[in-house]
Amino acid sequence: MLERLRRPWPDHRAELTLGAVSLLVGAIVIAMIVFVAIRAWPTLAHNGLSWLGPGANLETQIANMQATSVNPPASAFKLNAWPLVYGTLLTTVLAVALAVPVSVLSSVFIVELAPEGVRRIAIPVIRLLASVPSVIYGLIGILVLVPFVGNHVITAHEKASVQNVVELTGAGLAVTVVILTVMITPIMIALVCEALASVPVSWREGAVALGLNPLRAVRAVALRAIRPAIVAATVLATARALGEAIMIQMVSGGRSFAPKPVDGVIFLFEPLRTLASAIVDFHEGVSAPALRSTLYAFGLLLLFSALMLSVCGYLIKLPLRRYQTNG
Amino acid sequence: MSVLASDVRPLGASGTGPAQDGHGRRSSPWSWRWSDRFVLVVAWATGIGLCLIAAAIVVYMGVRGVEYLRPGLLFSHPQASTSQAGSGGFLDPLLGTLLLTVIGITLALPLAVGCALWITEYGRPGWLARVVESSIEIVAGTPDIVIALFGLAVFQLSLFAPLSFTAQGGGVYGRSFIIAGAMLSLIALPPLYAATRDGLQAVPTHMREAAFALGKTKIATIRRVLLPSVRSNVATGVTLGVSRIIGDTAIVLLLLGETLRIDTEGSIPGLNLLRATGSTLTTYVYSNSPAGEGAAPQKAYAAAFVLLVFVLGLNLIVTRIGRAHASTGLSGAGGGIV
Amino acid sequence: MSRIRRLSIALTVAGVLGVVAPASAAAVSVITISGATASYPLVSLLAQKYVKLYPHKFKFKIAQGGTQIGINDVAAGRVSIADVSRDPLATDPAGLVFYPIAKYGICVITNKANTLPNLTQAQVTSIFTGKTRSWSQVPGASASGTIDLISRTSVAGVLTSFQTLLLEGKKVSGIATEEATEGLLKQQVENDPNAIGFVSNYQVDLGGVNSVGFNGVACNKANVVSGQYAGVARFYEVTHGKATGVVGGFIHWIETSAPARKIISTQWVPIT
């Protein structure tokens with residue numbers, strides 16, 4: 001029978017088999033969305049949309065969920081996850097805001113400014129940065145950066161000034177955002193470099209011929225032309241930042257606290273929690289029904305955000321299509 | 001074509017930088033405005049800065065790894081102990097990583113290559129092709145923690161009880177090597193698919209037409225002409241997929257049962273390993289760090305060093321494949337970054 | 001592919017699987033346990049000894065997660081036994097049977113540099129509920145600055161026991177940093193000169209922190225045995241319904257056998 005399978009197949013059978021394989025992949029993804037939504041439904045049903053808003057202390061609510069494991073009453077499902085949503089938005093927006101200029105400048109450096117020897121070293125090095133596992137970033141963060149910030153950057157006076165509200169231990173917003181930026185920048189650099197390299201040389205040479213220096217030539221011509229690529233890179237980087245769970249869980253301080261910008265410099269050191277890091281924090285309690293639907297609701301929100309990001313990226317790129325260059 | 005294959009020169013003949021411009025002193029930065037000079041300095045600073053950060057990470061992990069890694073650790077089983085001296089090595093996590101990689105790639109490779117082939121060569125009906133492409137994009141953008149939650153939701157159904165084990169009270173445990181491997185194959189799928197699809201799209205049409213002219217059917221063309229020519233793309237894709245699987249922590253944390261040693265389940269050899277629970281290097285590092293349940297940073301450093309060595313090796317392979325591919329003169333289809 | 005190649009690949013795969021998979025005996029009973037991190041060292045040692053005494057008959061899968069996780073898991077049928085480090089609560093699911101196996105002491109600890117010898121009940125309550133926030137307000141403390149409270153996450157049985165026994169039933173302040181395990185709490189206190197926390201006496205005996213007396217009584221094993229120390233709680237093994245079969249056998253062995261008693265007596269206190 002093996003021999004019969006090894007003979008060339010008729011085209012029709014081959015097409016159906018390959019089509020079935022592709023259909024399987026599509027079905028798995030649809031199943032993922034459906035399963036997560038079904039498991040998340042109880043929280044949504046009990047809370048409506050108010051679970052995204054502020055309200056009671058989140059930690060007490062989760063403790064309550066963990067304590068009511070069999071047949072939880074409706075009150076156990078009460079959830080006000082605003083600190084998590086805020087934490088996710090804060091870390092993602094700050095990290096992407098830092099990563100975009102850093103990656104664009106680095107890409108310009110790699111493609112335009114670096115001498116050949118430096119470029120030969122820089123490219124594999126930055127590719128390495130992109131493939132370091134997030135647990136190693138988290139390890140360096142928690143063993144090196146957090147103690148450094150906790151012992152040498154945060155002053156005793158700053159600690160005392162918020163001592164009745166929250167404890168500053170070094171693990172918090174600043175370390176999280178810095179490491180997150182380092183994580184997502186290489187992803188953006190890869191895409192932006194590729195796009196910069198595919199801008200026709202004649203465009204840039206034309207600008208130089210008109211009297212612009214090379215840097216201005218890049219800015220005037222190439223950067224405008226690669227705007228779709230920058231958008232695509234930003235979307236990719238944002239999706240990565242949204243979904244980062246392990247590294248953030250290790251360095252963010254593990255308190256469902258919403259850092260307040262009005263606190264000044266201390267704002268950077270306040271602990272926080274994001275949706276993804278909360279799932280990692282509480283995943284052991286997933287057998288308690290109330291907590292399970294809560295965690296799946298977080299997952300559904302993350303899934304939904306990733307989907308919306310793709311759609312937004314697509315929509316933003318539509319009017320930029322006339323700038324698309326063919327490499 | 002990716003500029004990050006090291007020996008592609010993106011600027012053609014016009015030189016690489018202002019100071020080395022072949023046309024003379026006209027574009028020396030000393031003649032620029034202050035704002036431009038400032039931007040130049042900042043661009044250099046960010047580029048060199050990122051390289052320094054990468055170097056610092058590698059050097060620091062290297063120093064710590066050499067400090068704490070002894071060859072005995074690679075070959076001894078971990079023990080439950082409260083002191084670092086007695087807690088053994090990380091042979092089981094190492095084997096766990098290897099086993100999961102094998103399972104993940106074995107499951108992802110046929111799926112990814114099949115999808116890529118179908119989308120580029122057939123692709124009818126059109127709406128289905130769009131659905132499949134979008135679903136792979138969705139998987140690529142999904143956080144791995146959500147994929148882990150999905151795995152938990154699916155594999156704790158009693159339908160999948162044979163894949164893990166059932167506790168005395170009737171609850172399906174839902175965590176084992178095969179389950180974690182299946183979910184890890186989902187995250188290895190997008191890079192594999194993208195690399196294969198790019199390779200297939202870059203094969204010139206005249207090769208296909210020549211095969212048709214010789215009387216070969218489509219499937220024979222695929223088998224004998226297309227697949228061999230995208231071998232290096234598939235290799236790049238596999239390497240990228242492997243590096244994603246090796247580096248993943250969230251899925252393994254939720255879906256592998258987190259036992260220190262590989263705990264086999266059942267009595268059929270081979271199957272009992274697939275149903276086993278265990279750990280990988282990543283969860284071992286996580287558990288031993290101040291974020292997990294142990295507090296053994298020395299072991300964490302040692303295991304993290306081994307992990308980094310694996311990742312570095314995989315990177316080298318990708319670079320090597322990219323270089324070999326570019327030097328054979330085939331157009332397009334280089335390996336991209338992750 | 002030639003037949004020889006296929007055969008050799010199949011042999012290699014089988015060889016790899018054979019090397020990796022340890023030999024599996026037939027009819028091995030699996031006992032699954034999850035729950036308290038404080039009793040994890042004890043239960044691991046007991047399980048190790050049990051397997052050594054009755055080889056090839058039993059296999060243990062011991063997870064941690066915290067007392068409440070164990071209670072939830074055993075009530076849902078996901079594990080056979082839950083490790084619990086607090087007394088039964090009214091909110092616990094119905095049908096659970098608690099078997100006490102050992103007594104342990106909960107000690108208040110500070111950093112080694114902070115040589116605080118003793119705290120009264122009033123001081124402990126005021127510090128841990130967040131009323132006193134500065135070391136300068138605590139006589140006898142050699143630290144200065146803000147008090148860093150280190151506590152446990154809400155699933156911890158040690159937290160519940162601590163609140164009941166040493167905190168007059170009040171709750172630890174929400175300001176406190178929450179750690180997932182005893183080991184992490186102790187490590188946090190070891191690294192932070194301004195920290196104060198609470199762990200079981202087993203962790204204190206490992207060294208590295210300063211143990212604070214309570215109401216004039218030092219927290220050590222002798223005082224736990226004699227009952228003088230106030231913060232004495234119990235470890236329980238909890239099952240859903242009466243423990244029967246292999247699970248019942250294991251728990252019975254812990255309660256009655258001499259080797260088990262010997263293990264318990266090393267760092268903890270046997271019941272009776």
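Trainee: How many residues of chain A are in contact with chain B?
Mentor: This is a predicted model. In it, 86 residues of chain A are in contact with 84 residues of chain B.

Trainee: Which helix gives the most to the side of chain A that touches chain B?
Mentor: Helix α2 of chain A, residues 11-47, gives the most, with 14 residues.

Trainee: And how do the residues on that side of chain A divide into nonpolar, polar and charged?
Mentor: On the side of chain A that touches chain B, 61 residues are nonpolar, 15 are polar and ten are charged.

Trainee: Staying with chain A, where does L98(A) lie?
Mentor: L98(A) lies in helix α4 of chain A, which spans residues 82-113.

Trainee: Why is L98(A) classed as partly exposed?
Mentor: Because 17 other C-beta atoms lie within 10 Å of L98(A), the residue counts as partly exposed; a buried residue would need 20 or more, and an exposed one 12 or fewer.

Trainee: Which residues is L98(A) in contact with, leaving aside neighbours within four places in sequence?
Mentor: The contacts of L98(A) beyond those neighbours are with V177(A) and T181(A). As for P214(A), 116 residues separate L98(A) from it in sequence, and the C-alpha to C-alpha distance is 25 Å.

Trainee: Let us turn to chain C. How many helices and strands does chain C have?
Mentor: Chain C has ten helices and eleven strands. Its C-alpha atoms fill a box of roughly 80 × 45 × 35 Å along the principal axes. Of the 272 residues in chain C, 49% are buried.

Trainee: What share of the contacts in chain C comes from residues 24 or more positions apart?
Mentor: Among contacts in chain C with a separation of 6 or more, 74% join residues 24 or more positions apart.

Trainee: How is chain C divided into domains?
Mentor: Domain 1 of chain C takes in 28-103 + 233-270, and domain 2 covers 105-232. Taken over C-alpha atoms, the centres of these two domains are 26 Å apart. Their contact takes 18 residues from domain 1 of chain C and 17 residues from domain 2 of chain C.

Trainee: What gives the most to the domain 1 side of that contact?
Mentor: That is α3(C), with three residues. Both β2 (58-65) and α3 (67-75) of chain C supply at least two residues each to the side of domain 1 that touches domain 2. The residues on that side of domain 1 of chain C are eight nonpolar, eight polar and two charged.

Trainee: Which residues are buried in helix α4 of chain C?
Mentor: In α4(C), residues 121-128, the buried residues are Q123(C), V124(C), I127(C) and F128(C). Seen down the axis of α4(C), they fall within an arc of 115 degrees, so they line one face of the helix.

Trainee: What covers them?
Mentor: The cover over the buried residues of α4(C) includes strands β4 (96-111), β5 (118-119), β6 (148-152), β8 (195-200) and β9 (209-214), together with helix α5 (157-166), of chain C. Just after α4(C), G130(C) takes a positive phi of about 90 degrees.

Trainee: Finally, what is the mean pLDDT of chain B?
Mentor: The mean pLDDT of chain B is 81, and 84% of its residues reach 70 or more. Over residues 1-25 of chain B the pLDDT is below 50, although this stretch has 55 contacts in the model beyond near neighbours in sequence. Residues 329-338 of chain B are also below 50, with 32 such contacts. Where pLDDT is low, the predicted coordinates should not be read in detail.

Terms used: Residues are numbered from 1 along each chain as its sequence is written. Chains are lettered from A and ligands numbered from 1 in the order in which they are written. This is a predicted model: local features need pLDDT of at least 70, side-chain atom pairs count only at pLDDT 80 or more; totals for chains, interfaces and linings use all residues. Helices (H or I, at least four residues) and strands (E, at least two) are DSSP runs, numbered from the N terminus. The arc is that of the directions from the helix axis to the C-beta atoms. Two residues are in contact if their C-beta atoms, placed from the backbone, lie within 7 Å. Domain bounds come from an automatic or database domain assignment. Ala, Val, Leu, Ile, Met, Phe, Trp, Tyr, Cys and Pro count as nonpolar, Asp, Glu, Lys and Arg as charged, and the others, Gly among them, as polar. pLDDT is the predictor's confidence in each residue, from 0 to 100.
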